[in-house]
Amino acid sequence: MKQIFLTALIAATATLTGLISKVETASAADFSWNSSWTQPTIYSESQTGFKDTPFQKFVQQESVYLTNSGQFKLDPSQLKLKSDYDVSVYFINEGASYRNQLAFNATGTTNKSGLIFKDASCDGVGCMMGGGINALKFGDGVDIGNVAGGTQLDFFLKANGLNSSNGNIFGTQTASNADRLQHAVAYAYNNYIILAFEDLYGGLHASGIDSATGKSNQNSDRDFNDLVVVLDIGEANVKALIGASVPEPSVTLSIFAVGAVGMFGLRRRQTRTSN
Ligand SMILES: [Ca+2]
Ligand SMILES: [Ca+2]
């Protein structure tokens, strides 16, 4: 059975290359974190009807290196909406000892930015890591309001932002991250976009000071599960972006392959010294 998944993974490697764009837009440059932002209303699954369950299988196991993250780098144009939509963001899971925060930025037709989750911590059965206070439940969602077609959306994680005002801010655009490394992977699935972040600075298990920046490497596990959310940008927008890049079956295959990596990855839980 494992062989089948491996074959699927190799196939996905071949087809997915087309999803990765060489274009890096400048939208990150327009973004700045505002420490006075407050937590918007959080709606539960019973209020929104959203179901997190189908997405949990794509959450990478804790501290298991996501070897093929480069194949799931977000093409920024995929978050440029074609048509107006009332956009929501749903919490899926997190495997982080940090208490991370998530914010969004919209530029173009609609111009606004704001906090999505002030404390993206998970607690309870099924959390990759527990222990959050006032933690989020699976599927908790925030409505960021109407975003007009022609707007570039983007999302940013502030590592341990709840506890540290100067935490590292990592986004979808590799060139804009302080360590110049990829910190987000994205998949399209069931008319939603799954977005998953790595919250530790530096390369896999890098330590000491990064001489290029003077910042500390953080012995990163590069597991890309430190915050996993689902973006609801609307079926029409997701279909448009899939149609613009590769046929949907390839995307579905890629999702399946990533799920397989997660499911067959070494299941272990690290102590909370690493994210
Ligand atoms: Ca983790
Ligand atoms: Ca991590």
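The dialogue below takes up the labels in turn.

Trainee: What kind of model is this?

Mentor: The model is predicted. Local features are called only where pLDDT is at least 70.

Trainee: What makes up the protein in terms of helices and strands?

Mentor: Five helices and nine strands. Along the sequence the pattern reads α-α-α-β-β-β-β-β-β-β-β-β-α-α.

Trainee: Which strands form the open sheet of five, and in what order?

Mentor: The order is β4-β1-β9-β8-β7, with antiparallel pairing. From one strand to the next, the twist averages 20 degrees.

Trainee: Why are β4 and β7 said to stand at the edges?

Mentor: Each has a single partner strand, so one side of β4 (141-147) and one side of β7 (184-189) lack a neighbour in the sheet.

Trainee: How do you know that β1 and β4 pair?

Mentor: Pairing requires at least two bridges. Strand β1 (residues 85-93) is joined to β4 by six, and the two run antiparallel. Val89 stands opposite Val142 in β4.

Trainee: What makes β7 and β8 a pair?

Mentor: The cut-off is again at least two bridges. β7 and strand β8 (residues 192-197) have six, in the antiparallel sense. Ala186 has Leu195 in β8 as its bridge partner.

Trainee: Why is β7 called mostly covered?

Mentor: Five of its six residues are buried.

Trainee: What lies between β7 and β8 in their hairpin?

Mentor: Two residues. Asn190 takes a positive phi near 50 degrees there. Asn191, placed in the loop between β7 and β8, has phi near 70 degrees, a positive value in a residue other than glycine.

Trainee: Why is Asn191 called partly exposed?

Mentor: Asn191 has 14 C-beta neighbours inside 10 Å. Exposed means 12 or fewer, and buried means 20 or more. The count of 14 falls in between, so Asn191 is partly exposed.

Trainee: Where is Lys239, and how far is it from Asn190 in space?

Mentor: Lys239 lies in helix α4 (residues 235-245). Lys239 and Asn190 are 49 residues apart in sequence, yet their C-alpha atoms are 9.8 Å apart. With 14 C-beta neighbours inside 10 Å, Lys239 counts as partly exposed.

Trainee: Where is Asn219, and what is its phi?

Mentor: Asn219 sits in the loop between β8 and β9 (227-232). Its phi is positive, about 50 degrees, although Asn219 is not a glycine. Its 17 C-beta neighbours inside 10 Å make it partly exposed.

Trainee: Which strands form the open sheet of four?

Mentor: The order is β3-β2-β5-β6, and the pairing is antiparallel. β3 and β6 (169-171) stand at the edges, each with a single partner strand, so one side of each has no neighbour in the sheet. The twist averages 25 degrees from one strand to the next.

Trainee: Is Leu136 buried or exposed, and why?

Mentor: Buried. The threshold is 20 or more. Leu136 has 25 C-beta neighbours inside 10 Å, so it passes. Leu136 lies in the loop between β3 (112-117) and β4.

Trainee: What does Leu136 touch, leaving out residues up to four places away?

Mentor: Phe91, Phe117, Ala120, Ser121 and Cys122.

Trainee: What makes a set of residues a nonpolar core, and how many residues has the largest?

Mentor: Its members are buried nonpolar residues joined through C-beta atoms within 7 Å. The largest has 62 residues. Those with the most contacts inside it are Ile92, Leu102, Ile116, Ile194 and Val229.

Trainee: Which residues does Ile92 contact, leaving aside neighbours within four places in sequence?

Mentor: Among them are Asp52, Phe55, Phe138, Val228 and Val229.

Trainee: How much of the protein counts as buried?

Mentor: 46% of its 275 residues. As for contacts with a separation of 6 or more, 77% join residues 24 or more positions apart.

Technical notes. Residues are numbered from 1 along each chain as its sequence is written. Chains are lettered from A and ligands numbered from 1 in the order in which they are written. This is a predicted model: local features need pLDDT of at least 70, side-chain atom pairs count only at pLDDT 80 or more; totals for chains, interfaces and linings use all residues. Axes are lines fitted to C-alpha atoms, for helices over the stretch in contact, and angles run from 0 to 180 degrees between N-to-C directions. Two residues are in contact if their C-beta atoms, placed from the backbone, lie within 7 Å.
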